[in-house]
Amino acid sequence: MSIRVRRPATERLELSQGDFLIVKQDLTAGEYRAFLRAATKPVTMGAAGAPAAMELDPIAAGEAMVLAYLLDWSFQDADGRPLVIADQPPAVVRAALDHLDSASYMEVQRAIQAHQTARETAIEDEKKTASGATGPDRTLTSAA
Amino acid sequence: MRAAGVLRGAHAQVKAAYLTAAEITGYTLAKDELTGAWFVSGTVVTSDAYLLAQAGLLFVAPHKGGAWRWVIESFQIAAPRFEARLKALT
């Protein structure tokens with residue numbers, strides 16, 4: 001038997017000019033499905049025996065990945081005030097992302113992509129360890 | 001309860017860490033003048049039964065410059081009604 005639910009954890013990703021992002025360490029299955037839903041178009045099943053194809057929209061996929069992971073950042077607006085996204089509705093976060101300069105947006109997306117890749121590697125490494133055990137502190141504690 | 005004042009908002013969330021356990025709309029916050037306790041009620045739009053069973057839930061009400069966050073002491077949902085007793089702001 002093994003623990004299959006991870007305790008929510010965050011990571012800080014350093015950017016240029018002293019800025020940083022706060023991101024989710026990992027996505028839950030529900031968040032991952034929502035990310036895939038936003039990044040892909042519905043699959044059209046071909047005739048029997050025909051290969052099914054999935055269309056990936058690379059622009060939408062990049063934005064979906066950023067929205068799935070991003071929790072907070074150190075960015076400021078044009079007047080030097082904090083550009084608040086923490087605990088804000090998704091529409092507010094999306095609007096803030098849309099108003100970044102394009103180079104900054106790409107820096108955010110690249111940083112989160114690198115984080116996702118690093119986590120996939122780390123999780124694979126965890127599975128390969130001899131114990132394979134995950135400590136009980138990594139589950140959400142039930143209130144019941 | 002003798003309310004010292006009320007605060008109304010359009011959208012808030014119940015959170016387990018950063019995960020959204022429930023989305024609440026049309027909420028009303030009231031502070032009991034005698035006990036100092038905060039109470040909130042609103043309408044549940046979405047909820048996650050697993051996360052709502054976790055300890056340490058927060059009621060998070062975003063505002064323009066950030067968000068107010070209260071620890072939820074107890075709550076009940078009689079869909080679509082959400083009611084909770086809150087501890088101090090965090």
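Let's start with a sheet in chain A of this predicted model. Three strands make up an open sheet here, arranged in the order 1-2-3, and their pairing is antiparallel. At the edges sit strand 1 (10–14) and strand 3 (70–73) of chain A, each of which pairs on one side only. If you look at how neighbouring strands of this sheet lie, you will find them turned by 25 degrees against each other on average, direction ignored.

What holds such strands side by side? Strands of a sheet pair through backbone hydrogen bonds, either parallel or antiparallel. To see one pairing in detail, follow strand 2 (residues 20–24) of chain A, which pairs with strand 3 of chain A in the antiparallel sense over 3 bridges.

Now move on to the helices of chain A. The axes of helix 2 (residues 58–69) and helix 4 (residues 102–128) of chain A come within 10 Å and cross at roughly 70 degrees. Angles of 65 to 115 degrees count as roughly perpendicular, and therefore helix 2 of chain A and helix 4 of chain A are described as roughly perpendicular to each other. Which residues meet where these helices touch? Helix 2 of chain A brings A:Gly62, A:Met65, A:Val66 and A:Tyr69, while helix 4 of chain A brings A:Val108, A:Gln109, A:Ile112, A:Gln113, A:His115 and A:Gln116.

Next, turn to chain B. This chain has 1 helix and 6 strands, and from the N terminus on its elements run β-β-β-α-β-β-β. The radius of gyration of chain B is 12 Å, close to the 12 Å that the globule rule gives for 90 residues, so chain B is as compact as a globular protein of that length. Its C-alpha atoms fill a box of roughly 35 × 30 × 20 Å along the principal axes. Among the 90 residues of chain B, 28% count as buried. Of the contacts in chain B with a separation of 6 or more, 46% are between residues 24 or more positions apart.

Finally, see where the chains meet. Chain B gives 13 residues to the contact and chain A gives 14 residues. On the chain B side, strand 1 (3–16), strand 4 (58–63) and strand 5 (66–78) each supply at least two residues. The residues on that side of chain B divide into 9 nonpolar, 4 polar and no charged.

Key. Residues are numbered from 1 along each chain as its sequence is written. Chains are lettered from A and ligands numbered from 1 in the order in which they are written. This is a predicted model: local features need pLDDT of at least 70, side-chain atom pairs count only at pLDDT 80 or more; totals for chains, interfaces and linings use all residues. Two residues are in contact if their C-beta atoms, placed from the backbone, lie within 7 Å. Helices (H or I, at least four residues) and strands (E, at least two) are DSSP runs, numbered from the N terminus. Ala, Val, Leu, Ile, Met, Phe, Trp, Tyr, Cys and Pro count as nonpolar, Asp, Glu, Lys and Arg as charged, and the others, Gly among them, as polar. The radius of gyration is taken over C-alpha atoms; the globule rule is 2.2 Å times the number of residues to the power 0.38. A residue is buried if 20 or more other C-beta atoms lie within 10 Å of its own, exposed if 12 or fewer, and partly exposed in between; C-beta atoms are placed from the backbone. Two strands pair if DSSP finds at least two bridges between them. Axes are lines fitted to C-alpha atoms, for helices over the stretch in contact, and angles run from 0 to 180 degrees between N-to-C directions. Angles under 35 degrees count as roughly parallel, over 145 as roughly antiparallel, 65 to 115 as roughly perpendicular and the rest as oblique.
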